[in-house]
Amino acid sequence: MSTQKDLLTKENAEFIMFATKASADPGFKILVDNGEAFDQLVNNPGLSGMMFGRIVFDEIVLPMERINGKKVERGGMITYTGEVNKNINWNDVYTKLKNAYPSCADELLLKAKLQYYRDLSNWTNYTA
């Protein structure tokens, strides 16, 4: 990626789509700064946001939501291991999200809570 003059080509976007797994990866900046253009290049509206959200979840939320949690990918499906932390402190989660991604912390927190309550089969809080 560092040898490319223009990262916003179809070929580079397709590479970014498969190679970007962490916020430290060069493609992550493309997702954040040029999400709409990326989505157009891969002909998949919303993909940049989905990838961004997944990476943020894995790096910030997962360590707080699961005890010894790990992400497991199998043939395009993602599951998470580790016991669900039943004493999660949502204020701490929000603070970390707000510090890292202030413009979308509220949305990221809402999505994290949905996944958390779904994983606990807590349908009352899931639908609240």
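Is phenylalanine 52 buried or exposed, and what is its relative accessible area? Phenylalanine 52 is buried, at a relative accessible area of 13% (buried: under 20% relative accessible area; exposed: over 50%; partly exposed: in between; 1.4 Å probe, protein chains only).

**View 1. Aromatic pairs in the predicted model.** The whole structure contains 8 aromatic pairs (rings of Phe, Tyr and Trp, the latter by its six-membered ring, with centres within 6.5 Å; planes under 30 degrees apart are stacked, over 60 edge-to-face, the rest tilted). The model is predicted, so local features need pLDDT of at least 70 and side-chain atom pairs pLDDT 80 or more, whereas totals for chains, interfaces and linings use all residues. Residues are numbered from 1 along each chain as its sequence is written, and side-chain values use heavy atoms, without hydrogens and water.

**View 2. The edge-to-face pair of phenylalanine 52 and tyrosine 101.** The ring centres lie 5.1 Å apart, with 85° between the planes. Phenylalanine 52 belongs to helix α4 (residues 47–65) and tyrosine 101 to the loop between α5 (90–100) and α6 (105–119), so that the pair links parts of the chain 49 residues apart (helices: DSSP runs of H or I, at least four residues; strands: runs of E, at least two; both numbered from the N terminus). Tyrosine 101 is buried at 17% relative accessibility.

**View 3. The edge-to-face pair of phenylalanine 57 and tyrosine 80.** Here the centre-to-centre distance is 5.1 Å and the angle between the planes 65°. Helix α4 contributes phenylalanine 57, and strand β2 (residues 77–84) contributes tyrosine 80, 23 residues apart. Both residues are buried: phenylalanine 57 at 7% relative accessibility and tyrosine 80 at 17%.

**View 4. A cluster of aromatic rings.** Phe28, Phe52 and Tyr101 are joined by ring pairs.
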